[in-house]
Amino acid sequence: MQSLSIKFCLGLRSAVMTDSEAVMNCRNRRRGNWRVIVACGGAERNWNESLSLSRSHNYAMLKHRMDAAAKSENYEEAARIRDSLKCFEDDVPVLRLRRLLKEAIADERFEDAARYRNELNEIAPHSLLKCSSDVTTSGIRVQVKSVYIEGRSQPSKEIYFFAYKIKITNNTNRPVQLLRTHWIITDANGKTENVWGIGVLGQQPAILPRTSFEYSSARQLSTQNGRMEGDFEMIHVDRVGSRAFNVAIAPFSLALLGDDDGQTI
């Protein structure tokens, strides 16, 4: 797994924070020993932006470690990492607001929930969108789940890699074939890209009634968050001259921090 490198102009050296160092810094901060490093002029990017990126990346990294520990039934390690994650939630506004929103909904404090949701929408609108979607069009169900791939990402170079898995289920009594795909991809800066392709992964699969087709793919962004949506062009293949129709792919998030459910694909 890769760690985030943060460059400081002091001595032109790079400091790399590993997951254990992230936990130690978290503990030091709680003890009041948090060290302040001042970046001088001419730094490659704004200090506050770099610090926020570092915290978000280290949070995501530790969250993946916690999920892996829990799946391997190493519950002691999972609990240790869980406790270390809490201080990150206090430092990163998006994490803090997501936690407050979740707690407000659980306590049925819906007025507070609405306020936290609105604040989140102002500072990070993509954070309100789930990393999954599920929609049915003309009897064709499309389910999507995305996840951040830490091992192929390089945050210091603004490279964020996301994988997504799609399941298409034909809930009709007629066979269909997937002809084309159209994606609308938007990053956190609002830059939108339209992508059209023949079929999926070089295939134009036929999907029989009451069966499913699944595939996985990936997308690289230059921002920590983004969103994807689009549609599949399909045709019924049991009748000559059938007209093509579009099946929606509902919007879903590409997010470094992921959802709170801990699910993977």
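## Polar contacts and salt bridges in a predicted model

The side chain of N173 makes a polar contact with the side chain of R210 at 3.2 Å; a polar contact is a pair of N or O atoms within 3.5 Å, where, within protein, one must be able to donate a hydrogen and the other to accept it, and residues adjacent in sequence count only if both atoms are side-chain atoms. The structure is a predicted model, in which local features need pLDDT of at least 70 and side-chain atom pairs count only at pLDDT 80 or more, while totals for chains, interfaces and linings use all residues. Residues are numbered from 1 along each chain as its sequence is written, and side-chain values use heavy atoms, with hydrogens and water left out.

N173 is found in the loop between β5 (160–170) and β6 (176–187); strands (E, at least two residues) and helices (H or I, at least four) are DSSP runs numbered from the N terminus. N173 is exposed, with a relative accessible area of 64%. Exposed means over 50% relative accessible area, buried under 20%, and partly exposed in between (1.4 Å probe, protein chains only). Not counting residues up to four places away in sequence, N173 touches P209 and R210, contact being defined as heavy atoms within 4.5 Å. From N173 to G139 the C-alpha distance is 9.1 Å, although the two are 34 residues apart in sequence.

Side chains of opposite charge can pair when their charged atoms come close. A search of the whole structure finds 13 salt bridges, each a side-chain nitrogen of Lys or Arg within 4 Å of a carboxyl oxygen of Asp or Glu. The table gives some examples.

| Salt bridge | N to O distance |
|---|---|
| E150 and R65 | 3.5 Å |
| D107 and R109 | 3.6 Å |
| D238 and R174 | 3.0 Å |

The salt bridge between E150 and R65 has its closest N and O atoms 3.5 Å apart. E150 lies in the loop between β4 (140–148) and β5 and R65 in helix α2 (residues 47–71), so this pair ties together parts that are 85 residues apart in sequence. E150 counts as buried at 4% relative accessibility, whereas R65, at 23%, counts as partly exposed.

D238 and R174 form a salt bridge. That pair links distant parts of the chain, 64 residues apart: D238 is in the loop between β10 (225–236) and β11 (245–255), and R174 is in the loop between β5 and β6. D238 is partly exposed at 40% relative accessibility, and R174 is partly exposed at 23%.

D107 and R109 belong to a network of salt bridges that also links D112, R115 and E119.
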